[in-house]
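This briefing describes a structure with its sequence, topic by topic. Please look over both before reading the points below.

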Amino acid sequence: MQRTASAADFNAAQRFFRRASSLLWRRPRVAATVLLAPPMLWFVLIYLAALGILFLSAFWTVDDFTGEIVHQWTLINFETLATSETYRAIAGRTLGIAALVTLTDIVLAFPCAYFMARIAGPRLRATLFVVMLLPIWLSYVARVYAWRLILAHDGVLNWTLHQLGLPAADIGYTNTAMWLVFSYIWLPFMITPIYAAIERVPGSLFEASADLGAKGLRTFVKVTLPLVVPGIIAGSIFTFSLTMGDYITPILIGGPGSSFIGNVVYSNVGIANDIPFAAAFATIPAVVMVAYLFAARRLGAFEMM
Amino acid sequence: MESTFTKWALGIWTALVIVFLFVPIAIIVVYAFNPSHIQTWPLPGLSTRWFPAAWHNREIRHALWLSVKAALLATGISVTLGTAAAFAVHRFKFFGREAVSFIVVLPIALPGVLTGIALNSFFGFWHIGLSYWTIVIGHATFCIVIVYNNVIARLRRISGSLREASMDLGADTFVTFRRITLPMLSTALISGALLAFALSLDEVIVTTFTAGAQNTLPLWIFGAIRLGQRLPEVNVVVTVVMLATLIPVILAYRLMNRAPADTGK
């Protein structure tokens, strides 16, 4: 008796799955909604909502006595930012170093990506790929800390210079140190997209260029470089944005005068507890990045990511 | 075509970049064996005395456990949501399809401090206290893209005809998914999950804003370095964590690049 009941249950379940299956097959809209709703709800209800609230709170202020956020429209945060020399300098430093780091990483990464895509054999290429990307996944704080040890007064760098009979380079806790460390930390993010872009260029184009009489450098400037631009842009999204949004490296590597936008945001959320002001300052990197992302998308950079 | 000189120059450049990438990591590993409290170079000797010290430190254990718990759940969420989004975008044409890949990548394309403070003010706005759960929400949000990218790249390489053949032979959507699509997808899923786990385990910029009073391991490390305290233990912890992430990440890359045909058979 029980056996037939469970057999009936089984048949019912099977019929249910059959029907669900054919429903999903005949109505792709239903299938797409079922798949898409959970991830999109997550992003809309949490992430985009969070960005929205952040943007709104930039126009709010904090009650001096209670420390509570007052939901009242005001431009005071932006006025403070616009009129303050200090904050302008911080924004300038953040954007400037982010741009410098991006350029440095393009220069460092391009030859590597080119070597991997066009010269290395398949086995070497696969190995290089893993080796170059490995550091991304190894602890970020650890890698920043490593540079603190290297650049310290009694660190590896000065010891090496001393052995070579050179004067000590006291670049620890300076903007130079930050530039070096940022370039180091984000370099792997530049290699993959440039590699992807070079790999897509058909080999015949290089041959055609050579057949038409172009020398190596000319082929590089006229053929390779323009085709690789989307890859460079894709990489720069990461190096630029990651540098701009950092506050750990300025704390651990930078000196007293190397605050980034992120540091102001960080201290206003923690100690000073002025989220509206922090939000207002955070709109600068946000606006810069959103504009940059839209431009990048038009230039086809997303294909390289 | 590149001349021999160009080839060599590029090769040497690549080798130097690899040295640049790995020397700092090697130095950290050496410092883990520093017998002294003071971090100077050259080391006065070599010793493993700080390994047991770090192992028995309760703060480190708590932080490590919190990090692992958060990374496990965040990975679970991002595998589920990232795979679903990848399937939807790959299989169906719909309005706003392009926007999906744009939104998914936003949490890692926008500056980290922005994602951090946005989530922080979001939780504040709804009066949600910062806890284990808020850490997980933050991590899952930026880990989804890792799984999404991995899965969609694999889906593009799998040919649709196998799926159609399966359905022609009478298998329904679910059976086809389980017997055809999933086996061809499994390595991409595992590698996506491993990378998401590694990312979650190491993240510090967003986590600061979502963690409240508790410390994840990277937060503990950051705090200790900043205050200049317990640096010998920091050296050990950092070394162990890096070596421990090395294996899953290498595994992930090997799985990611395996051709789907090998795994389908």
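**A helical span in chain B**

The model is a predicted one.

**Chain B as a whole**

- Chain B contains twelve helices and zero strands.
- Read along the sequence, the pattern of chain B is α-α-α-α-α-α-α-α-α-α-α-α.
- Along the principal axes, the C-alpha atoms of chain B fill a box of roughly 70 × 65 × 30 Å.
- Of the 265 residues in chain B, 54% are buried.
- Among contacts in chain B with a separation of 6 or more, 72% are between residues 24 or more positions apart.

**Annotated transmembrane regions**

- For chain B, an unreviewed UniProt entry gives the annotation "transmembrane region" to residues 12-33, 70-90, 102-126, 132-153, 180-198, 204-222 and 234-256.
- One of these annotated spans, residues 12-33 of chain B, is 91% helix and 0% strand in the model, with its end C-alpha atoms 31 Å apart.
- For chain A, the annotation "transmembrane region", also from an unreviewed UniProt entry, covers residues 34-60, 95-116, 128-150, 177-198, 219-242 and 275-295.
- Residues 128-150 of chain A are 91% helix and 0% strand, and the end C-alpha atoms of this span lie 25 Å apart.
- Residues 275-295 of chain A are 100% helix and 0% strand, and here the end C-alpha atoms lie 30 Å apart.

**The interface between chain A and chain B**

- Contact between the chains involves 94 residues of chain A and 87 residues of chain B.
- Together the two chains bury about 8600 Å² between them, and 82% of this area is on carbon and sulfur atoms.
- Within chain A, the residues that lose the most area to chain B are Trp42(A), Tyr47(A) and Trp137(A), which together make up 10% of what that side buries.
- Between chain A and chain B, 13 residue pairs are in polar contact, counting pairs with both residues at pLDDT 80 or more.
- Helix H2 (residues 28-57) of chain A gives the most to the side of chain A that touches chain B, contributing 19 residues.
- That side of chain A is made up of 79 nonpolar, seven polar and eight charged residues.

**A buried histidine in chain B**

- His139(B) lies in helix H6 (residues 132-157) of chain B.
- Is His139(B) buried or exposed? His139(B) counts as buried because its relative accessible area is 2%, and the cut-off for buried is under 20%.
- Apart from neighbours within four places in sequence, His139(B) is in contact with Ala74(B), Ser200(B), Glu203(B) and Thr207(B).
- One of these contacts, Glu203(B), is 64 residues from His139(B) along the chain, yet their C-alpha atoms are separated by 7.9 Å.

**A buried threonine in chain A**

- Thr224(A) belongs to helix H10 (residues 216-244) of chain A.
- Why does Thr224(A) count as buried? Its relative accessibility is 1%, which is under the 20% cut-off.
- Not counting residues up to four places away in sequence, Thr224(A) touches Tyr114(A), Phe206(A) and Thr219(A).

Technical notes:
Residues are numbered from 1 along each chain as its sequence is written. Chains are lettered from A and ligands numbered from 1 in the order in which they are written. This is a predicted model: local features need pLDDT of at least 70, side-chain atom pairs count only at pLDDT 80 or more; totals for chains, interfaces and linings use all residues. Side-chain values use heavy atoms; hydrogens and water are left out. UniProt positions are given in the numbering used here, feature names are shortened, and annotations may be inferred rather than shown by experiment. Helices (H or I, at least four residues) and strands (E, at least two) are DSSP runs, numbered from the N terminus. Contact means heavy atoms within 4.5 Å. Buried area is the accessible area (1.4 Å probe) that two parts lose on being put together, summed over both. A polar contact is a pair of N or O atoms within 3.5 Å; within protein, one must be able to donate a hydrogen and the other to accept it, and residues adjacent in sequence count only if both atoms are side-chain atoms. Ala, Val, Leu, Ile, Met, Phe, Trp, Tyr, Cys and Pro count as nonpolar, Asp, Glu, Lys and Arg as charged, and the others, Gly among them, as polar. Buried means under 20% relative accessible area, exposed over 50%, partly exposed in between (1.4 Å probe, protein chains only).
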